[in-house]
Amino acid sequence: MDIESMVTGKTRVIGIIGNPIEHSISPQLHNTLSRQLGLNIIYVPFKVEGSDLGCAVKGLKCLNVLGFNVTIPYKESIISYLDEITEEAELMGSVNTVKNIEGKLFGFNTDARGFVQSFTKEAKATFKDKTVAIIGAGGTARALAVKIALEESRKIYIINRTLQKAEEIASRINDKIGNVALAVNLDSKESTLALSEADILVNTTPLGMYPDTERTPLNKDFRFSKNQIVFDVIYNPRKTLFLARAEECGCTIVNGFGMLISQGIQAYEIWTDTKIPSTLSEQVQDLLLKYI
């Protein structure tokens, strides 16, 4: 028998809060990074009910965790529990990474940069002068919409069933960056026109995520154009029904796996003040592919 010494009295804790959380492979990503870098840090998933968010954040702070990620559905509501957020996160109105600095919680957003890096690499395209349709109006949608606007897109449609939430994002972009965003109700005729016009479609909703893999954000009768690039922030399953239907129409498709790795690497660098070598990032990404 050998003594298990992976966790000791000196081990620091990082983690992720969200609901659902069971699908996440972030623990595998960050714990692998810690092992490869020889850092005594462990990453733990925490499922948090909405009514318990404030208590959970206070508890993590009291336990002196190094930091934590924030995922669906708390990327916006987390902000009110933090001591300070970056200018970029404030513009986006969304935080996915929190760092504990001497007892104060600082919020960052690494989703948007991770998204652009993944999209540019895998789709071999940029957002400059493109028309983009974003499905959803949550924290992820807000962050990506702001970043896409900053990347000099021509037009951005924010498409959502609750029009007010889409209007809030469009208004923020038009006021702070440029008059390029339009809010559209998903159930309207205008949404079909917007989706058909778009060069790039981005799903930011959890519809189609494991275990509810038969769900999709768009009506099954919608026909993609073969010239469109279709991105789904979901990475489990690797090919959602949304992406599968787009692929059948000849579209270039990209899932959220590369985005997950890129934003995760950036978060880990924030927590640990280290720079992850690109070779290590690529090795970990290849290893994690077997988990989805």
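In this predicted model, the second largest cavity holds about 40 Å³ of space. Its lining consists of Thr216, Leu218, Asn219, Lys220, Phe222, Phe224, Phe242 and Arg245. Two of these residues, Phe222 and Phe224, are both buried.

The count comes to two cavities of 30 Å³ or more. The largest cavity has a volume of about 390 Å³ and is lined by 24 residues. Among these, Thr71, Lys75, Val233, Tyr235 and Leu260 lie nearest the centre of the cavity. Strand 3 (67–70) and helix 9 (257–272) each contribute at least two residues to this lining; helix 9 provides the largest share, with three residues.

The composition of the two linings by class is given below.

| Cavity | Nonpolar | Polar | Charged |
|---|---|---|---|
| Largest cavity | 11 residues | 11 residues | two residues |

A pair of aromatic rings is described by the distance of the centres and the angle of the planes. The structure holds eight aromatic pairs. In one of them, Phe119 and Phe127, the ring centres are 4.3 Å apart and the planes meet at 25 degrees, so the pair counts as stacked. Phe119 and Phe127 are both buried. Phe222 and Phe224, by contrast, form an edge-to-face pair, with 5.1 Å from centre to centre and 85 degrees between the planes. One aromatic cluster is made up of Phe115, Phe119, Phe127 and Phe231.

Notes: Residues numbered from 1 in each chain as written. Predicted model: local features only at pLDDT ≥ 70, side-chain atom pairs only at ≥ 80, totals over all residues. Heavy atoms only, no water. 1 Å grid on protein atoms, 1.4 Å probe; cavity = no way out; pocket = protein on both sides within 12 Å on 5 of 7 lines; lining within 4 Å. Points joined across faces, edges and corners; volume = space filled by probe spheres on them. Helix = DSSP H or I, 4+ residues; strand = E, 2+ residues; numbered from the N terminus. Nonpolar A, V, L, I, M, F, W, Y, C, P; charged D, E, K, R; others polar. Phe/Tyr/Trp six-rings, centres within 6.5 Å; stacked < 30°, edge-to-face > 60°. Buried < 20%, exposed > 50% of the residue type's maximum accessible area, 1.4 Å probe, protein only.
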